[in-house]
Every structure is written in structure tokens, then in C-alpha cells.
Amino acid sequence: MRPRLPGRSLGRWPHSIPNMLRLSGERLHVTYRIRADSEAEAHARARDICYEQTVEVPEDLPIREDIRAQVVGCIEDLRPIGPTAFEAVISYAVEVVGTELTQLLNVVFGNVSLKPGIRVEAIEFPDSFLRHFRGPRFGRTGLREILGVWDRPLLCTALKPMGLAPQEMAELAYEMARAGVDLIKDDHGIADPPFCPFRERVPRCVEAVERANRETGRRAIYMPNVTAPADRVFERAEYARRAGAGGLLLSPGLTGLDTLRALADEDRVALPLMAHPAFLGSFLVGPESGIAPGVLLGQLMRLAGADATIFPNYGGRFVAFSREICQAIAEATARPMGAIRTIFPVPAGGMTLDRVPEMVATYGTEAIFLIGGALLHQRHRLAEAVRDLHRAMGAV
């Protein structure tokens, strides 16, 4: 345990200092994994993080003591976790973080993301910070209320392959909804291609799913992909809402995480949001750099307002994701975060039907299983395949 930087108490400073800071004392705590060959080097790198992420001046530059003590990050703990790895807990004043998601990301991992051997492993948010965020509008309970499903994991599929025309996508959506799939989303790679334009695809798929719902009495929803250039995301989201879509898919790695936050907060949209991890892989797969998957795909997606977060399931085609990593993501979707609602973990990526019992054992019932290609393989017997899945998931 390292001592905190000296001079935390405001009582030590003369009140004659012009514009002396009087911060609240509440802190955001970030756990970093730091690569270093010795404890002295690890401590030096931790101190570098404290300055780089806040005042961004050399440590030996004379600055006011009230700024050094309150604005500069503070090493709360430092311990070895391996031969060349240390874990440092660094706290930041909530006033430095502010009330905006963009500044949170900047303080937690802005400049130091450009330095090798530093990885964000955990974030502990004070309640005073969380109160500035609405988080997911629906969360687990809200999404279950929409679908009317309470006794099993939810089942999701993706409309693919890319290249299908809108009518073909709609036919596939109808078949999936008719068979008993709960959430039918666009594949994340299908945005607004000329062979399947957004404005034609969305109403066709909405109508197809609604037709299936009338025939089955169930409540499947269609979630179009609204990932788009910044000036078109909300236009497409509102169009999808007017067309009758039941939710939306967004890739925050492509649009920016704060776009997800703004979309979740927008009352004119007010639809469940599913977040896709496309373009975020370089943050996630390196053991010594980036951001731990549980933080980025669990805590931050949830804080930004996703109602469900997709991640590669272990044992699939994305080999960097172990069972432990996937469990950490799932755990982060339900960890206490003030009044922020819990959200659904959505394991995906090369999942096969025979692994469903194992996935139920791993994730429990509070999960959405995203199965795409494996269901397409069963298109000739789709209803029977989905019925088998429901049985495997524990539905009555």
C-alpha cells in the first residue's frame, strides 16, 4: 500500500490563496494493470497516470498545492500481481470527471491509452456520479415485459447473410418470429446498402414480424441496425420508431459510446437498445493494454444506456474470449451501480444449438442467446429447432 499524495485536507492551506479549490472529496476509483519490472518502476508509471490523466504537466513543475492535492489523480493502492505486472488503484475527484460520459472516458483512459502496458481493469463509480446518468431505459425487466417472457433466457437471431433483398430479409424475419425467436435483429454489417436500403427493409421486416405475432400470439420484436454517420443515427432511429420497430441495434465502437447514451436518453425514440462490439476488439483482446471486457462491454455499455450487450461467447470463433472473461462481462451487467438498471448479457459468435444447455449453466436464465448461422442451418425445420432450443433453455 502506497501513501496518498500529501496535502489532501483543505484545512492545511491558507485561505488567502486566490481561487483556492474546494472540491467535495468524492472520488472515482480506477484499477489499472501496469507492466513494470520492479515496484519502483510500477510506482513511477502509476504516478505518471495520475498526472497524465489530469493536469498533464510534469510532476516537478510547480503548481498550486490545492490543485496538486485535489485535481491530480491519487494512488490509493499498488500491489504486484505477477513477475512483471502490478495492479494500481488510482482515484480521481468527481469534479475532474464531471457529469459527461466523454469526459469520464477521457479521464479513465484518454492519454494513457497511447502508452503500452496499461490496461483498465475496473471502475468504481460513486453514487454522486451515477446520478447524472439515466442508463438503460428498459433493462432486463422492461425488455421481459415487452416480450412477455419470464421463465427462460431470451432467444435472438440475426438476419443474414448480407446480400439479401428487403423482401428476402422480411421473409426470414417472419420465419424466425413464427418459429418462436424473441428478438430478430439486423446483422450488424447491414446498414443501408443499395441492395437492401434501410427505408425499405425496416417497414417490410416490421410487417413480417407483426404478421407472425398475430398468428402465434407471441410478442417477437424486430431490431434494425441504426449504426450510421453521426448526422443520420437519430433520423434512422426515429424512422424505425415510426415504422413500428420494437428495438434498435447500434455499434457504439463505430458511432461513439456517447451516441448510445444520447440515443437511450432520447424520448422521441424510447426503444430498447442492443449494443454490438464491432470495432472495439483492439481495446479488449490484449492482456496488457486496453480495457477489460467486463468494464467496456459490461459497465460502460450499461452506463451509456444499452439494454443488452453483445459479446463473443467462449468456445466460438473469437478465441480471445475465455469462459472467465465472458462470466466477468455477464457479472458486470448486474453489478450494483446506483439506480442504473441491470441489462442482458448477449453471448454470441459461432454458437451452436448443442451448446445451449452449457450456456444456461454458465449464464443462467438472465441472458439473451444470440444464435445466427446455426439457426439458418436449420431453416428447413426452423420451428422444430426453436422448440428444441426453448426446451433446452428450460421453458415449459
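Here are a few friendly notes on the packing in this structure.

1. This is a predicted model, in which local features need pLDDT of at least 70, side-chain atom pairs count only at pLDDT 80 or more, and totals for chains, interfaces and linings use all residues. Residues are numbered from 1 along each chain as its sequence is written, and side-chain values use heavy atoms, with hydrogens and water left out.

2. Gln-53 is worth a look: at 6% relative accessibility, Gln-53 counts as buried (under 20% relative accessible area, with a 1.4 Å probe and protein chains only). The side chain of Gln-53 comes to 2.7 Å from the backbone oxygen of Val-107, and a polar atom of that side chain lies 3.2 Å from the backbone nitrogen of Asn-111.

3. The largest nonpolar core has 110 residues, and Leu-104, Phe-125 and Leu-303 touch the most other members. Such a core is a set of buried Ala, Val, Leu, Ile, Met, Phe, Trp, Tyr and Cys residues joined through side-chain atoms within 4.5 Å.

4. Phe-125, Phe-129 and Phe-133 form one aromatic cluster. Rings of Phe, Tyr and Trp (its six-membered ring) pair if their centres lie within 6.5 Å; planes under 30 degrees apart count as stacked, over 60 as edge-to-face and the rest as tilted. Phe-125 and Phe-129 are stacked, at 5.8 Å centre to centre with 10° between the planes. Phe-129 and Phe-133 are tilted, at 5.0 Å and 45°.

5. Finally, Arg-199 lies over the face of Tyr-239, 4.3 Å from the ring centre (the cut-offs are CZ of Arg within 6 Å of the ring centre and within 35 degrees of the ring normal). The charged end of Arg-236 sits over the ring of Phe-198, 5.7 Å from its centre.

Definitions and conventions: Buried means under 20% relative accessible area, exposed over 50%, partly exposed in between (1.4 Å probe, protein chains only). A polar contact is a pair of N or O atoms within 3.5 Å; within protein, one must be able to donate a hydrogen and the other to accept it, and residues adjacent in sequence count only if both atoms are side-chain atoms.
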